[in-house]
Amino acid sequence: MKIIILGAGRVGESVAEHLVSERNDITVIDNDPELLGKLQERFDLRGILGDGSQPSVLADAGADDADLLLACAADDAVNLTVCKTAFMRFHTPHRIARLRSTEWSKHMELLGEDGFAVSNVICPEASVTRYIQKLVEYPEAMQVRDFAHGMASMVSVRATAGAPMVGQPIRRFSELLPDASMHVMAIYRRFANEPDRFVPCRPDSVILPGDEVFFFVARDDIRAVLKSVHSTSPPVRRVVIAGGGNVGLHLARVLQKHVHLKLIDSNRARCEYLATQLDESVLILHGDSTDEDLLSDENIHEVDFFVASTNDDENNIMGGLLAKQLGATRVLSLVNRRSYADLVHGTQIDIALAPAQAMMGELLTHIRQGDVYAVHSARRGNAEAIELAAHGDRRTSRVVGRTVGQIPMPEDVRIGLIVRGLPDLHTGRPDDDASAVNDPDSAYAPFVLSVTDDTVIQPGDHVLLFVPHRRLVPAVEKLFRVKPTFF
């Protein structure tokens with residue numbers, strides 16, 4: 001695809017890195033020559049210096065024949081203006097805007113073609129909040145990402161010694177959890193002085209303590225699967241958020257009704273603003289999250305979840321390490337630099353999360369070829385979990401009418417679960433109509449199907465796949481593409 005990215009900041013940089021690696025034609029617009037120069041040194045892309053809201057700058061960037069515009073500047077107003085300009089002047093087919101303000105979600109009619117002409121909205125802060133909210137709900141997990149209107153999830157968990165399935169071959173899951181709809185998709189194992197290494201999953205593969213294990217699992221079976229690999233964790237009741245920026249405020253608003261919450265920020269004026277935005281039950285502290293005395297005075301050893309969400313990677317890493325050393329049960333640090341995240345993830349810092357990676361799947365859903373319903377990044381963008389719809393028949397499709405064992409999947413790519421009966425683009429019912437999902441008496445009531453080599457793919461099935469190496473994604477998309485004779 002030919003893609004224009006407005007903004008060379010953290011979000012723009014992360015998106016450019018991800019999309020360039022997939023051999024897209026990328027042009028980045030920014031008015032900061034230093035940021036553009038760094039991007040052009042690192043990646044094979046074109047840089048345009050200027051104000052992206054100007055039609056002449058968009059023309060120089062190739063908007064006349066661009067497939068997609070991603071407006072991810074820091075200013076919402078700029079992003080909205082660029083989308084409108086691209087639509088009216090250049091007829092750009094797809095226009096995605098990064099919007100920080102939550103106000104727009106209340107006035108979606110303003111974003112249509114008669115308004116700002118935004119095709120889709122992304123919000124990294126909201127994506128991070130949803131990501132962390134799932135970890136509060138499932139404290140044993142390292143990642144929980146929803147598919148198929150929430151009927152199934154991709155879950156990752158760090159195996160701990162003494163759990164029922166640790167030290168056991170994967171085939172024993174069918175004995176321990178005979179009624180669960182789940183499938184082990186990948187194991188990542190840390191070897192001495194090396195990053196975690198992908199271990200292919202076979203029936204005789206053994207789960208070892210310290211392994212990061214990825215599952216696809218039906219919603220109702222998540223807790224049972226987590227407890228089979230990880231020692232049971234108590235519910236999250238006490239949370240400390242270090243950093244009261246956009247991410248910290250988003251997260252605090254969501255959690256304040258459910259947990260005992262403290263928020264730390266080093267800016268006094270920001271603390272005063274936060275006090276006007278949050279419930280009185282939230283304790284707002286003016287101070288430094290790397291201050292050992294402050295954390296000790298606030299009984300950090302009693303905290304179930306510590307979230308370091310400042311704008312500084314080093315502060316988030318050091319604050320997370322200090323909180324863990326002082327006794328916090330679990331620690332999550334926001335880390336934008338991929339090299340830093342790879343270095344600290346799964347050590348004393350339980351989870352190192354890049355904010356841009358948390359929303360990457362939402363963006364990729366609009367870019368992927370074929371009938372892609374959801375994409376979520378894993379392993380900091382090195383792997384992906386994908387929800388694809390199967391269409392056609394045995395004559396026009398490489399997958400429909402065939403058993404899972406007959407499908408020529410790329411190496412190490414595995415089908416995890418099938419969700420059958422979901423609303424579909426080709427049934428005349430909108431795919432975002434999730435009413436049937438929560439209505440078991442509906443004629444369209446969908447269900448989650450565990451997969452074996454003998455499972456036959458039917459038209460309309462939503463197939464959940466795990467792709468451990470991102471370079472294999474185009475081959476997976478091609479496999480599910482319907483031949484031109486399908487109407």
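Predicted model: local features only at pLDDT ≥ 70, side-chain atom pairs only at ≥ 80, totals over all residues.
**Stop one: a negative patch**

Start by selecting Asp288, Asp291, Glu292, Asp293 and Asp297. These residues gather on the surface as a patch of negative charge. Now click on Asp291 by itself. You'll find Asp291 in the loop that links strand 14 (283-286) and helix 10 (292-297). Is Asp291 buried, exposed or partly exposed? Its relative accessibility is 33%, so Asp291 counts as partly exposed, since that class lies between the 20% and 50% cut-offs.

**Stop two: a positive patch**

Next, pick Arg395, Arg398, Lys478, Arg481 and Lys483. Here the surface carries a patch of positive charge, made by these residues. Zoom in on Arg398, which sits in the loop between strand 19 (383-389) and strand 20 (414-420). Arg398 is partly exposed, with 33% relative accessible area.

**Stop three: Pro410**

Stay with the loop between strand 19 and strand 20, and select Pro410, which lies there too. Is Pro410 buried or exposed? Pro410 has a relative accessible area of 16%, so it counts as buried; the cut-off for buried is under 20%.

What does Pro410 touch, leaving aside residues up to four places away in sequence? Show Leu472, Ala475 and Val476: Pro410 is in contact with these. To finish, draw a distance from the C-alpha atom of Pro410 to that of Leu479. The two residues are 69 residues apart along the chain, and their C-alpha atoms are separated by 9.2 Å.

Notes: Residues numbered from 1 in each chain as written. Heavy atoms only, no water. Patch = residues over 30% accessible without salt bridge, like charges linked within 9 Å, V, L, I, M, F, W, Y side chains within 5 Å. Areas by Shrake-Rupley, 256 points an atom, 1.4 Å probe, with all protein chains shown as cover. Salt bridge = Lys/Arg side-chain N within 4 Å of Asp/Glu carboxyl O. Lys, Arg positive; Asp, Glu negative; His and termini not counted. Charge placed at Lys NZ, Arg CZ, Asp CG, Glu CD. Helix = DSSP H or I, 4+ residues; strand = E, 2+ residues; numbered from the N terminus. Buried < 20%, exposed > 50% of the residue type's maximum accessible area, 1.4 Å probe, protein only. Contact = heavy atoms within 4.5 Å.
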